[in-house]
Amino acid sequence: MRLREERKRICFHCANIFESGETEWICCPECGHRVSSRRYHLIVDRAREAVDYGYQYRLKYEEDFAAEGAITRHYALTPFDEFLTFVAVAAASGIVGNLSTDLVKRAVGKVREALRREEKSETGGKLTALLDDPEKMKQFMDYIDAYFTCFEEIEPHVRAAIYEEMIVDRVSPTMMDRLMKACPKLKVEQAQESSPFTQEEIFRMMIEARRELSRRPGLKPSLFDGFWEGVEPESEQNRDTE
Ligand SMILES: [Zn+2]
């Protein structure tokens, strides 16, 4: 479950990464390109889902399934940093938006550069290591591709476990939200322990979440028109600009 507010943004034109609050328009301080918050989230939230469910949970469940022949455990995995979401946005621009591999690579290169500048020693450079490992990156891109194009072909036990995870992640915030409204003085930790909902209410919320999942809007290719046009070729990016 994701509780922390994400403020890191990527510019769809020049792939610059910057911070911004929740405003109606998200404007890049580097090139001035702006995008409505609605369009931004339509794309970025789906890319984040692809990273969470299509990559992270899938890897974990595949590992368990391979080891035990069944999936018996569920996890609450810590979400990856938003940098990986941006790589998935670049991947989606190629997969869904049919942009050229060259443009996609340029965007990924720009994200990698920004990550290198920012990744601190406490994370041990884990994400940089992933982005720099061609084999792991290929797997990441393949899994993001599968999430957007042929999720139904994933091993059925693994897919079922991922769907269950998606449903739980959608139901929990709704329950928390309703609970906090009903008892504003309740502390979050207490709220997480107590379960004031009847079985029927929980069941109804599960059904709603499942319905919402099956209605997930597909991303249209036209959403990616003009993406990365302001990104310089990678050789230019490597110049020291500090
Ligand atoms: Zn920009």
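**Chatting through a helical model**

Student: Hi! Of the contacts between residues at least 6 apart in sequence, what share joins residues at least 24 apart?

Tutor: In the protein chain that share is 63%, where a contact means two C-beta atoms, placed from the backbone, within 7 Å. This is a predicted model, so local features need pLDDT of at least 70, side-chain atom pairs count only at pLDDT 80 or more, and totals for chains, interfaces and linings use all residues. Residues are numbered from 1 along each chain as its sequence is written.

Student: Thanks! How many helices and strands are there?

Tutor: The protein chain has nine helices and four strands, taken as DSSP runs numbered from the N terminus (helices: H or I, at least four residues; strands: E, at least two). Along the sequence the pattern is β-β-β-β-α-α-α-α-α-α-α-α-α.

Student: OK, the core. Which residues have the most contacts inside the largest nonpolar one?

Tutor: They are V87, A88, V89, A90, V111 and I144, in a core of 47 residues. Such a core is a set of buried Ala, Val, Leu, Ile, Met, Phe, Trp, Tyr and Cys residues joined through C-beta atoms within 7 Å. Buried means 20 or more other C-beta atoms within 10 Å of a residue's own, with C-beta atoms placed from the backbone.

Student: Which element gives the largest share?

Tutor: That is α2, with ten residues.

Student: And what does V111 touch?

Tutor: Leaving out residues up to four places away in sequence, V111 touches A15, I17, F83, F86, V87 and A90. V111 is also among the buried residues of α3, which include V104 and L115.

How values were computed. A residue is buried if 20 or more other C-beta atoms lie within 10 Å of its own, exposed if 12 or fewer, and partly exposed in between; C-beta atoms are placed from the backbone.
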